[in-house]
Amino acid sequence: MKLLLINIKELLQVREDASLKVSGAAMKELPLLREAWLLVKNGMINDYGTMDSLPVFKGFKTVDCTGKTVLPSWCDSHTHLVYAGNREQEFVDRINGKTYQEIAESGGGIVNSAKKLQATSAASLFQQAEKRLVEVMKLGTGAIEIKSGYGLTTDAEIKMLRVAKQLAEAYPITIKTTFLGAHAVPAEYKGNKDGYMDLVCNEMLPKIAEAKLADYVDIFCEEGYFTVEDTERLLTEAKRYGLIPKIHVNQFNAIGGVAAGVKHNALSVDHLEVVTDEDIKVLQGSETMPVALPACSFFLSIPYTPGRQLIDAGLPLALATDYNPGSTPSGNMNFVVAAACIKMKLTPEEAINAATINGAYAMGISETHGSITKGKVANLIITKKIPSYGYLPYSFGSNCIDTVICNGKIL
Ligand code: NIG
Ligand code: FE
């Protein structure tokens, strides 16, 4: 489909340069064109400019964007979108005073989701995940990372990743997959974490790598889950298969996961609700993207990632949903952007940079996604008529999206 968007009130995140991420003070800048046009051809951003210099184009479907803002689609670099059922009961248990950790220790949490997933057919898993995917696409997500980690057996981990691959075939959205076998120690290995790590490293990892089911590798580096030693072991093994790390660190405790990730050239270190000065120093000397998940903090009532502090220290920051049944049963990037402004004190410019170009970086696709750049994939959000882009996080909870374009096609 050839599309010509005209009369765009604000065309956001226009970048001629090839920068793959934005860091520190540069995150305050959101380059834009006012009264603009944009041409989409063969699924790509072909050209753009301002209305006073609109060339004559023939054979294009024209979309009038008067009063509307156009921006690149959200890049959600951290989700667990393939899961079975829900954990509504744990939500109520937490309202009644139990903590996330207490629920996990009594057999709930990740292990609870694993039990459900193991008993669910691939076809049913696909149907459940597909519903969520379509919902987030309508909410403006144009690229998404999906992790395994609710299987916790070789077969169930493979089943999850195959479902994620099927979704990638069935829908125009870009999907990256991550192997998160080391998400929790399953009941069968209670008291034998090393035995489970052997299974993850010696059986799951080779099989998954051989079948090319994962782009990245992840581990939940946290007290009560996996140690820094486990993390280093897995990342060392994964490197042999060319799997780059994107890891869960510092959600509840800073135990050295950030340094381990950076040492192994992690593409991203995610969560970071707890951050030490040492973590910041380590990140400053790296190409690793810190990723904040404010919807998780909101849902669990835990601290928010000190995003303001990270950016003020000159670091980049990405925002993602963490969509999963336990800590974040929402894949709404619009809410994430608003929460980052409201709770983490990011400016709208910083939050939009974090959810587009930096999100793309955190999933290894910023050469093709995350900005309005000629030759990048035409993944676009057209808003309803809004006063200006700051209205997006300001009007949190409202849906400001009018139209979504994914791979050059109107959804
Ligand atoms: O990123 N923290 C680890 N994993 C997920 C939540 C897992 C769950 O509770 O099901 C997260 O928050
Ligand atoms: Fe997560």
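Modeller: I begin with Arg-240, which is exposed at a relative accessible area of 60% (buried means under 20% relative accessible area, exposed over 50% and partly exposed in between, with a 1.4 Å probe and protein chains only). The model is a predicted one, in which local features need pLDDT of at least 70 and side-chain atom pairs count only at pLDDT 80 or more, whereas totals for chains, interfaces and linings use all residues. Residues are numbered from 1 along each chain as its sequence is written, chains are lettered from A and ligands numbered from 1 in the order in which they are written, and side-chain values use heavy atoms, with hydrogens and water left out.

Arg-240 takes part in a salt bridge with Glu-237, with 2.7 Å between the closest N and O atoms (a side-chain nitrogen of Lys or Arg within 4 Å of a carboxyl oxygen of Asp or Glu). Both residues belong to helix 7 (residues 228–240), where a spacing of three residues separates them by about one helical turn (helices are DSSP runs of H or I with at least four residues, strands are runs of E with at least two, and both are numbered from the N terminus). The structure holds 14 salt bridges.

Another salt bridge joins Arg-308 to Asp-312, at 2.9 Å from N to O. These two residues lie in helix 11 (residues 307–312), four residues apart, again about one turn of the helix. Arg-308 is partly exposed, at a relative accessible area of 21%, and Asp-312 is exposed, at 55%. Arg-308 also meets the side chain of Glu-350 in a salt bridge of 2.7 Å, N to O. Since Glu-350 lies in helix 13 (residues 348–355) and Arg-308 in helix 11, this pair ties together parts that are 42 residues apart in sequence. Glu-350 counts as buried, at 0% relative accessibility. Through shared partners, salt bridges join Lys-28, Arg-308, Asp-312 and Glu-350 into one network.

Arg-132 lies over the face of Tyr-83, at 3.4 Å from the ring centre (NZ of Lys or CZ of Arg must be within 6 Å of the ring centre and within 35 degrees of the ring normal). The charged end of Lys-2 is placed over the ring of Phe-60, 5.4 Å from its centre. Phe-60 in turn belongs to a cluster that ring pairs form with Trp-37 and Phe-57 (rings of Phe, Tyr and Trp, the last by its six-membered ring, pair if their centres lie within 6.5 Å; planes under 30 degrees apart count as stacked, over 60 as edge-to-face and the rest as tilted).

The count by this rule comes to 10 aromatic pairs. One of them is stacked, because the rings of Phe-91 and Phe-299 have centres 5.3 Å apart and planes at 10°. Phe-91 lies in helix 1 (residues 88–95) and Phe-299 in helix 10 (residues 294–300), so the pair ties together parts 208 residues apart in sequence. Phe-91 counts as partly exposed, at 35% relative accessibility. Together with Val-92 and Ile-95, Phe-91 makes a nonpolar surface patch of about 260 Å² (patches are made of residues with over 30% relative accessible area and no salt bridge, like charges being joined within 9 Å and nonpolar side chains, namely Val, Leu, Ile, Met, Phe, Trp and Tyr, within 5 Å; areas come from the Shrake-Rupley method with a 1.4 Å probe, and for residues only the protein chains shown count as cover). Ile-95, also in helix 1, is exposed at 59%.

Leu-272 has a positive phi, near 60°, in a residue other than glycine; Leu-272 is buried, at 1%. Glu-35, likewise not a glycine, has a positive phi of about 50° and lies in strand 2 (residues 32–41).
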